[in-house]
Amino acid sequence: MAAVTLAATGCTAQAVGAGAPTAPPATAGTPSPATDGPEPSGTPSSQPSSQPSPSGSPAASASPGKKALMAEGTENEQVRELQARLRQGGHFHRSPTSFYGSMTAKAVSSFQREQSLPVTGTVDEATWRSLVGATRTPTADELRPPTTNELDAPDARCMTGRVLCISKESRTLAWMIDGKVVSAMDVRFGSVNTPTREGIFKVDRKERTWKSTLYHSDMPYSMFFSRGQAVHYSSDFAARGYNGGSHGCVNVRDKEKLAALFDQVKVGDKVVVHW
């Protein structure tokens, strides 16, 4: 694909109201995706400390006069640990991520209510200490499960060579080499009005940082494969889950895992998008 064509293309998120995503609901027995994002990467990094270590500037205070350690919009490894601990207690019902979205806020509120703490949906020192005391240190598998959605059987066209095998049925991307799954992640597709194309393609361009010239949104770790459609990280997918859709691109919500994949994939590698 010519560079001029790419410069005039690109995709970003749009609300479900603009046309529901083309992917079907998760199959029975598959956890329902929620609205927080990112997941695993190949080799887990060191486990986060269970001591409070705020990063960034959370959007809201935990309660009057108390500083918030984490709140909606925070994205770091302590959030991943927070979610894993909340999941142990039955408050968070999807794979841990590093992004603090609305589902995490609801889970925190649920824990605070259970512990008779001020219900704020944000994490202050008192909430964090209570959660650490009520749970154990998450294991590496608890911090980084492979995917929220269960992988389906690979398409026959994915069984040879180096392939980004992307299933609209299971809403997953499997990075496969010679028929073996190396890594996997949840993905989201275009809406009815701007569907993600199906078929066999190849990665024809990679951009670590990219901004859509059509929709003016950031598309980190873009791997273009079909006339401007690309696999890329989506902060909207990270925040809202399947309550939105793209303008045709394959959205990934696990930024860390996609970054690792981006470094492995080469221009020319095969892309298969299938049901």
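## Briefing: loops, a helix pair and the fold

Arg171 sits in the loop that joins strand S2 (162-167) to strand S3 (172-177). The model is predicted. Arg171 has a positive phi of about 55 degrees, although the residue is not a glycine. Most residues other than glycine have a negative phi.

**Whole protein**

- The protein has 275 residues, and 52% of them count as buried.
- Its secondary structure consists of seven helices and eleven strands.
- Among contacts with a separation of 6 or more, 67% are between residues 24 or more positions apart.
- The accessible surface is about 11500 Å². Carbon and sulfur atoms hold 53% of that area.

**Helix pair H2 and H3**

- Helix H2 covers residues 77-88, and helix H3 covers residues 102-114.
- The two helices pack at an angle of about 50 degrees, and their axes are 10 Å apart.
- The crossing of H2 past H3 is left-handed.
- On the H2 side, the contact is made by Leu82, Gln83 and Leu86. On the H3 side, Thr104, Ala107, Val108 and Phe111 take part.
- By class, the contact of H2 with H3 has five nonpolar residues, two polar residues and no charged residues.

- Which residue in the loop between H3 and helix H4 (125-134) is picked out here? That residue is Ser116.
- Ser116 is not a glycine, yet its phi is positive, at about 60 degrees.
- Is Ser116 buried or exposed? Ser116 is exposed, because its relative accessible area of 68% is over the 50% cut-off.
- Arg171 also has a positive phi, at about 55 degrees.
- Arg171 counts as buried, because its relative accessibility of 8% is under the 20% cut-off.
- In short, Ser116 is exposed, whereas Arg171 is buried.

- Ser234 lies in the loop between strand S8 (229-233) and helix H6 (235-240).
- Ser234 is buried, because a relative accessibility of 7% is under 20%.
- What does Ser234 touch, leaving aside residues up to four places away in sequence? Its partners are Arg188, Asn251, Val252 and Arg253.
- One of these partners, Arg188, belongs to strand S4 (residues 180-188).
- Ser234 and Met219 are 15 residues apart in sequence. From C-alpha to C-alpha, the pair is 6.7 Å apart in space.

**Met185 in strand S4**

- Met185 is part of strand S4, which spans residues 180-188.
- Met185 counts as buried, because its relative accessibility is 0%, under the 20% cut-off.
- How many residues separate Met185 and Leu258 in sequence? The two are 73 residues apart in sequence.
- In space, Met185 and Leu258 are 8.1 Å apart, C-alpha to C-alpha.

Methods. Residues numbered from 1 in each chain as written. Predicted model: local features only at pLDDT ≥ 70, side-chain atom pairs only at ≥ 80, totals over all residues. Heavy atoms only, no water. Helix = DSSP H or I, 4+ residues; strand = E, 2+ residues; numbered from the N terminus. Buried < 20%, exposed > 50% of the residue type's maximum accessible area, 1.4 Å probe, protein only. Contact = heavy atoms within 4.5 Å. Areas by Shrake-Rupley, 256 points an atom, 1.4 Å probe, with all protein chains shown as cover. Axes fitted to C-alpha atoms, helices over the stretch in contact; angles between N-to-C directions. Left-handed = near helix turned anticlockwise from the far one by under 90°. Nonpolar A, V, L, I, M, F, W, Y, C, P; charged D, E, K, R; others polar.
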